[in-house]
Amino acid sequence: MGNTRPLPKQSAQPGQPGPPGRRPRPGRGRRYVRRAAIALATLIVVLALAAGALWVATPSASEATQLAQAQAEQHGIPYPGPSVPENFARPLIATEDHRFNSEPGVDLLAVARVAAAKVTGGGDQGGATIAQQLAKMLYTPTQNGFDAEVKQVVLAVKLNLAYSKQQILDLYAEVAYYGHGYYGLQAASCGYFGHPAKDLTVVQGAMLAGVVNAPSVDDPINDPGNARTRLEHVIARMAAVGYLTKAQGQQALGANLGLTPGASSRC
């Protein structure tokens, strides 16, 4: 029997399959990406199902006008009130919700910030839009906590789909509390200044827009110092979003506020 030498291993040529054997396992990085993608898809499905359930479980947006009318009657004011004038709408939007005219009822960036704060245990991040605030005033006025906030988000989207931006502002102005016992923009304008809301000056509208944030603290009659600080903040926000120049803001702050407590009988 002659000497036999082992045949040399042939390497695969470019474009040709290699010898049969085990396929290389995908790297850890690929497995992590795949698992992350599956987890993300699962989370999206769960959130979509939860959102759908909340959409069905929360009241209809068509109830908003009925609820606003009921609150107006409770507070002894006419319903519906006059349409919101620009000198109130602008400071309110600048201070409470500067993306109001373009957002879908909720500020997605603010929602993400609040959600992150909930997870990490951070403090209250704020961020409730005008539509969310309206949902709270109409549908959940006595409810607090995370469950109520989730409902307000869903209801805000419903309100945004059912009503125009002007209608949302009108509903908001009608049910908001402005301190000193005044509910509704018309009653507040008459009570503080002795004239209807359509005649509000820039500084008067800014003061009322500032008061709704904390009416018991920023009441211009009982707490003029706090009210002034809040007014300055509102004017600064109006300048920041382009509703006023800095010069116009300074001019507004220098104008006479025209407070005439108890003058509502002349309105």
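Helices are DSSP runs of H or I with at least four residues, strands are runs of E with at least two, and both are numbered from the N terminus. Helix 8 is mostly covered, with 7 of its 9 residues buried. Those buried residues are Leu185, Ala188, Ser189, Cys190, Gly191, Tyr192 and Phe193. Just after helix 8 comes Gly194, with a positive phi of about 75 degrees.

The model is predicted: local features need pLDDT of at least 70, side-chain atom pairs count only at pLDDT 80 or more, and totals for chains, interfaces and linings use all residues. Residues are numbered from 1 along each chain as its sequence is written, and side-chain values use heavy atoms, with hydrogens and water left out.

His180 has a positive phi of about 60 degrees although it is not a glycine. Most residues other than glycine have a negative phi, and most peptide bonds are trans. His180 is partly exposed, at a relative accessible area of 32%.

Turning to the chain as a whole, there are 11 helices and 0 strands. Of its 267 residues, 35% are buried. Contact means heavy atoms within 4.5 Å. Among contacts with a separation of 6 or more, 68% involve residues 24 or more positions apart.

Which residues of helix 5 are buried? They are Ile130, Ala131, Gln132, Gln133, Leu134, Ala135, Leu138 and Tyr139. Because 8 of the 10 residues of helix 5 (130–139) are buried, this helix is largely enclosed by the rest of the structure. Its cover includes helix 2, helix 3, helix 6 and helix 7.

Helix 6 covers residues 146–162 and has 17 residues; its first and last C-alpha atoms are 25 Å apart, close to the 24 Å expected at 1.5 Å a residue. That expected span is 1.5 Å times one less than the number of residues. Buried residues in helix 6 include Ala148, Val154 and Leu159.

I come next to the second largest pocket. A pocket is an open set of points on a 1 Å grid over the protein atoms alone, with protein on both sides within 12 Å along at least five of seven lines, and lining residues have an atom within 4 Å of a point. The volume of this pocket is about 160 Å³. Helix 7 (residues 165–175) gives the most to the lining, with 4 residues. Among the lining residues are Thr65, Tyr79, Pro80, Tyr163 and Glu174. Tyr79 and Pro80 are joined by a cis peptide bond, with omega about -5 degrees. Pro80 lies in the loop between helix 2 (64–74) and helix 3 (86–96).

Finally, Val241 is found in the loop between helix 10 (224–240) and helix 11 (246–254). Val241 is partly exposed, at 33% relative accessibility. Leaving aside neighbours within four places in sequence, Val241 is in contact with Ala94 and His98. Val241 and Thr95 are 146 residues apart in sequence, yet 9.4 Å apart in space, C-alpha to C-alpha.

Terms used:
On a 1 Å grid over the protein atoms alone, a cavity is a set of points where a 1.4 Å probe fits but cannot get out, and a pocket is an open set with protein on both sides within 12 Å along at least five of seven lines; lining residues have an atom within 4 Å of a point. Grid points are joined across faces, edges and corners, and a volume is the space filled by probe spheres set on the points. Buried means under 20% relative accessible area, exposed over 50%, partly exposed in between (1.4 Å probe, protein chains only).
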